[in-house]
Amino acid sequence: MLPSRLRLGKSHRFASNENPPSIRPPLTSLPQNDALILHPAHVMLMGIDIIIAAATDPETAFRESLFDALADDEGAAFWESVYGQPIHTYSPYVHSAGEHGFGQAELQRMTDDEYATHVRARMWEKSHAHVVEERRRREEQSSRRKEKEEQHRKWERDVEAALRRGEEKRRKTKWKEAWGRYLQGWEALSSPGHGRGKKLKDQIPWPVETGRYHDVDQEQVEIFFRHGPQSERPSEAFDLTRVLKIERVRWHPDKILQKACGDGLDEETMAMVTAVFQIIDKLWSGMRPA
């Protein structure tokens with residue numbers, strides 16, 4: 001058992017003219033490593049030398065001094081003078097949640113070791129208030145910085161989402177306009193006397209985004225039919241197979257011959273019409289039910 005004021009009593013207080021122990025660390029060396037502990041020491045107090053006997057366990061030394069201070073006013077005053085602050089004023093009770101974390105909170109008494117650890121932590125905070133304040137300030141700064149970073153990331157996500165929506169809207173508008181020009185072109189081609197004197201290849205609304213003869217190839221025709229017709233009914237169920245079935249009839253070479261009546265239909269134009277028909281037929285065949 002560690003000797004202390006409680007264990008040794010007044011018989012262990014030595015007069016100042018007696019020989020003190022050989023090791024006398026200063027009182028300022030008592031708090032070390034972020035914890036208040038009572039090391040073996042020879043303390044000068046009010047002109048009287050006090051011997052706190054050596055202990056191999058500083059934790060035990062502090063616990064003994066703590067419970068000695070709790071025992072009576074004399075002990076409280078004595079250890080307050082040693083530590084420079086009262087150590088007997090901290091409640092040994094903590095609030096604990098109900099069973100499984102639910103229900104009304106209850107007061108629960110800490111064990112002796114838990115209480116000693118708790119008191120040392122509170123004493124350290126009181127004697128290092130500037131350190132605690134600096135730690136709190138840094139935590140607040142870190143929290144504000146993280147909050148600003150999250151706000152910036154959210155702003156970036158919102159901007160990216162807005163840009164995507166804008167791009168999607170422009171894309172739909174582009175295809176809607178292209179599909180509208182395509183349908184209007186066929187209506188105009190069916191009108192009597194339309195395009196008289198022009199080559200047929202310059203009158204046909206070719207199924208590509210630009211509608212021009214020179215931009216026709218398999219990839220552009222497939223892209224046109226996958227995006228153009230759907231832009232007309234974006235909120236409705238869309239059946240591309242039905243659209244391709246109509247377009248397959250429209251682009252059949254015999255149909256084109258009937259519209260042209262031999263007027264301006266050269267071999268180059270007829271070869272392109274046939275190529276478009278084959279692309280549409282392939283698309284339609286690949287989509288219709290087996």
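In which helix does lysine 201 lie? Lysine 201 lies in helix 6, a helix here being a DSSP run of H or I with at least four residues, a strand a run of E with at least two, and both being numbered from the N terminus. The model is predicted, so that local features need pLDDT of at least 70 and side-chain atom pairs count only at pLDDT 80 or more, while totals for chains, interfaces and linings use all residues. Residues are numbered from 1 along each chain as its sequence is written, and side-chain values use heavy atoms, with hydrogens and water left out.

**The chain overall**

- The secondary structure of the chain consists of 10 helices and 7 strands.
- Of its 290 residues, 31% count as buried; buried means under 20% relative accessible area, exposed over 50%, and partly exposed in between, with a 1.4 Å probe and protein chains only.
- The chain exposes about 19100 Å², of which carbon and sulfur atoms supply 51%; accessible areas come from the Shrake-Rupley method with a 1.4 Å probe, and for residues only the protein chains shown count as cover.
- Among contacts between residues at least 6 apart in sequence, 57% join residues at least 24 apart, where contact means heavy atoms within 4.5 Å.

**Lysine 201 and glutamate 268**

- Lysine 201 counts as buried because its relative accessibility is 15%.
- Apart from neighbours within four places in sequence, lysine 201 is in contact with Trp206, Tyr213, Glu268 and Thr269.
- Glutamate 268 is found in helix 10 and counts as partly exposed, at 43% relative accessibility.
- Between glutamate 268 and lysine 201 there are 67 residues of separation in sequence, and 8.8 Å in space from C-alpha to C-alpha.
- When residues up to four places away in sequence are not counted, glutamate 268 touches Lys201 and Tyr213.

**Nonpolar cores**

- The largest nonpolar core has 31 residues, and those with the most contacts inside it are Ile204, Trp206, Phe225 and Trp251; such a core is a set of buried Ala, Val, Leu, Ile, Met, Phe, Trp, Tyr and Cys residues joined through side-chain atoms within 4.5 Å.
- Two or more residues of this core come from each of helix 5, helix 7 (218-227), helix 8 (240-250), helix 9 (253-260) and helix 10 (267-287).
- Helix 10 supplies the largest share of this core, 9 residues.
- Another core lies apart from it and has 14 residues, among them Ala69, Ala116, Val119 and Met123.
- Tryptophan 251 touches several residues beyond four places away in sequence, including Tyr182, Trp186, Ile204, Trp206, Ile256 and Phe277.

**Helix 9**

- Pro253, Ile256 and Ala260 are buried in helix 9.
- These residues lie on the same side of helix 9 because they cover an arc of only 60° around the axis, the arc being that of the directions from the helix axis to the C-beta atoms.
- The buried residues of helix 9 pack against helix 5, helix 6 (200-203), helix 8 and helix 10.

**Salt bridges**

- Side chains of opposite charge can pair when their charged atoms come close.
- The whole structure contains 16 salt bridges, each being a side-chain nitrogen of Lys or Arg within 4 Å of a carboxyl oxygen of Asp or Glu.
- Arginine 250 and glutamate 247 form one of them, with their closest N and O atoms 3.0 Å apart.
- These two residues are separated by about one helical turn, because they are 3 residues apart in helix 8.
- Arginine 250 is partly exposed, with a relative accessible area of 22%, whereas glutamate 247 counts as buried at 2% relative accessibility.
- Aspartate 281 and arginine 248 also meet in a salt bridge, at 2.4 Å from N to O.
- Glu133, Arg136, Glu140 and Arg144 are linked in a network of salt bridges.

**A nonpolar surface patch**

- Trp155, Val159 and Leu163 form a nonpolar patch on the surface, with about 320 Å² of accessible area together.
- Patches are made of residues with over 30% relative accessible area and no salt bridge, with like charges joined within 9 Å and nonpolar side chains (Val, Leu, Ile, Met, Phe, Trp, Tyr) within 5 Å.
- Tryptophan 155 is placed in helix 5 (residues 129-190) and is exposed, with a relative accessible area of 52%.
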